[in-house]
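Open the viewer and keep the selection panel at hand. This tour says what to select next and what is there.

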Amino acid sequence: MRYWTACLVIVLGMSALAFSGINNYFFFAGFVVLQAVVLATAWNILGGYAGYVNFGVPAFFGAGAYMALFLHLALDAPLIVQILGAALLTGIIGLLVGLLTVRLRGIFFSIATVALIFIFETLVVNSRYLGGATGLQLTQPDAIFFDNYQRGLVVLMTVMAVIAVSLARYIQESHIGRGLRAVRDSEEAAECSGVPTLKLKLLACTVSCALLGAAGAPMPMYLSYIEPASTFNLLYAISALAMPIIGGMSHWIGPVIGALIIASLQQIVTVTISSELSVLVVGVLLVVFVVAAPDGIVGLVKRWKTSSK
Amino acid sequence: MIFSVDLLIEAVAFGILLGGFYAAVSLGLSVAFGLLDIPHVAHPAVLVLGAYGAYLLGTYGFDPIVAGLMLTPLFFALGAAFYRVYHFTFESRGDSAAVNGLAFFFGIVFIIEVLLVIFFGVDQRSAEAPYIGGSFVMGDMRLPYRLLVAFAVAIVLAAALSAYLSRTFYGRAIKAVGQDESALRLMGANPVKVKQLAFGIATGVNALAGAVLLIMAPVEPTMDRMYIGRTFCVVVLAGLGSMSGTIVAGLILGITESIVLMFFGTAWAPAVAFTLLLIMLAVRPQGLFGR
């Protein structure tokens, strides 16, 4: 109950902020941070709960963005249809990649997802309809409800973040999460105890990838521009992976904490110093955490709580 | 698309040489991932690091190949030290380290990329040597000397590694650790030391391969991303840990890429290695020459 009240307060609070006259940059940064929450949470459903490392976040994110663009160009579909279409497409892709590689060792899944980034990027570069290598300029539709279209999108992203986190929370606390944890700890033991390991892994893979695609869908309209090089940028991969690991992979709150800290830090470093340095900060933090605090911030807090008792 | 036999022959000849180059850049990964089972996704980044090292020595007048050979001992030491850190932080912690180990290497990739951007900038860097630029002309066919040099280095490296692994005592120990680590321990050998040596060799080889990369084309800091697909494609295609298989797999990738390049254009070339890799994972994940 407390959880749902908090969610409601966050969504209402964000809507109230969107009506107020705060500087637009705040909303730009807010959109990026909220998107990071969705990406990190989605990544963690597969990476944190099941132990499969998805390096190909930009592939699913980008496929979602381009699916949204396609639906916009071909059918003039409303944004909500674009998001659902993107989630459906990347969910199916995720299921297929899962079928292909989840039976193999984890590293092969990771490499296969990297492969998808380059394959999708090449497909888009060679597709004139989707704008090719140079990209497409789009016009944002008229604002509904809010006096600025972008602010509406920020509220939408807030709702998406709440949905993603709630889904992760449900998965973690239901039999699915328990089964996945068993898979991560010992697949043979889980299989012997009657856990349907393959089904659970495929389910996690599908849900995770669908959410990654959904997160990418509002991107073309938000920037009113899309081009392949920045959409399929490998930097999305390192962020989406660093956030849950730094926050803590075992609990749904971990990716949220990680995303809020890392994405805000990235925004600050990018604006004040340079974008290269923000990548370096994330890379170094990631390496430091996996070496020194593999359970992330959540793990550190837990350890601190038990030792202070 | 214009199809002709002459063009096809030229594409295949070019592809064979390109394939030798792909084999050369994949040999280190073949040892690290193929034999030692270390998910070394930072391999291409180390390769680019080697290329920049060779470039830096080149500014003092060293030939790229000589520079690569000079860097080999340094990279060997770095690799051996790096493996010690990796072993004691991840491998000895047990199985739950799989996610963290992969994330660790992925983090290293970005750290190397950004450091190269900070020190060298995003501009392309290239080497100077008498064999860069010219071509060997045979009838209508033109084969660039740089490709011939890369091919020669690849063959020499693969032969040397293959001989080392099958003829020498330590080489056989490395092969043994790849096959059965606990058996090696029962024989009274320390698998960590053997793996440290092997990872050092894999990294040292990568310095020379980086020099070859510099000879082949101008380098830039984010170039490693293209080589994640190429090197892993070659190693998986070869079947984990086979040196002669690595050469054959390199040739397959080189010829395929060269044919796609010639008949469909450069825009499709980046996807070739990754597509081949996905097909391989779906059809025969143990590789062509897998055990």
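**Stop 1: chain B**

Select chain B and follow its elements from the N terminus: α-α-α-α-β-β-α-α-α-α-α-α-α. Helices (H or I, at least four residues) and strands (E, at least two) are DSSP runs, numbered from the N terminus. The radius of gyration of chain B, taken over C-alpha atoms, is 19 Å, close to the 19 Å from the globule rule (2.2 Å times the number of residues to the power 0.38) for 291 residues, so chain B is as compact as a globular protein of that length.

This is a predicted model: local features need pLDDT of at least 70, side-chain atom pairs count only at pLDDT 80 or more, and totals for chains, interfaces and linings use all residues. Residues are numbered from 1 along each chain as its sequence is written, while chains are lettered from A and ligands numbered from 1 in the order written.

Zoom out: the C-alpha trace of chain B spans about 60 × 45 × 35 Å along its principal axes.

**Stop 2: helix α1 of chain B**

Select residues 5–35 of chain B, helix α1. Find B:Ser26, where a kink of about 40° is centred. The bend at a residue is the angle between axes fitted to the seven residues ending there and the seven starting there. Step past α1(B) to B:Asp37, whose phi is positive, near 65°.

**Stop 3: where the chains meet**

Show both chains. 34 residues of chain A are in contact (C-beta atoms, placed from the backbone, within 7 Å) with 31 residues of chain B. On the side of chain A that touches chain B, α5(A) gives the most, with 12 residues.

How values were computed
Contact = placed C-beta atoms within 7 Å.
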